[in-house]
Amino acid sequence: MEVAAVVGTKEATSSVQTGDFVIIDGLEGTVLVNPDEKTIAEYKEKKEAFAAKKRNGRSLLMKRL
């Protein structure tokens, strides 16, 4: 299902406002509210690396089948 989850976020849920840009990092367990452009770029790279790793894992699995 691959749904990112972060628990224990009382501060985040009370401080996030409608229209805020939020990054939820389920691997690290962090919530970033209105990150700067550098942080957004870093997370885009992390997302691409994660997707590539996932694709490679699937292709290895398919080869074994």
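Visitor: How many salt bridges does the structure hold?
Guide: The structure holds one salt bridge, meaning a side-chain nitrogen of Lys or Arg within 4 Å of a carboxyl oxygen of Asp or Glu. This is a predicted model, in which local features need pLDDT of at least 70 and side-chain atom pairs count only at pLDDT 80 or more, while totals for chains, interfaces and linings use all residues. Residues are numbered from 1 along each chain as its sequence is written, and side-chain values use heavy atoms, with hydrogens and water left out.

Visitor: OK, and which residue pairs with D25?
Guide: K46 forms the salt bridge with D25, and their closest N and O atoms are 3.9 Å apart. K46 lies in helix α2 (residues 37-64) and D25 in strand β1, so the pair ties together parts that are 21 residues apart in sequence; helices (H or I, at least four residues) and strands (E, at least two) are DSSP runs, numbered from the N terminus.

Visitor: Is D25 buried or exposed?
Guide: D25 counts as buried because its relative accessibility is 8%, whereas K46, at 43%, counts as partly exposed. Buried means under 20% relative accessible area, exposed over 50% and partly exposed in between, with a 1.4 Å probe and protein chains only.

Visitor: What else does D25 touch, beyond its neighbours within four places in sequence?
Guide: Leaving those neighbours aside, D25 is in contact (heavy atoms within 4.5 Å) with V6, T30, Y43 and K46.

Visitor: Switching to rings, where does K46 lie relative to Y43?
Guide: K46 lies over the face of Y43, at 4.4 Å from the ring centre, where the criterion is NZ of Lys or CZ of Arg within 6 Å of the ring centre and within 35 degrees of the ring normal.
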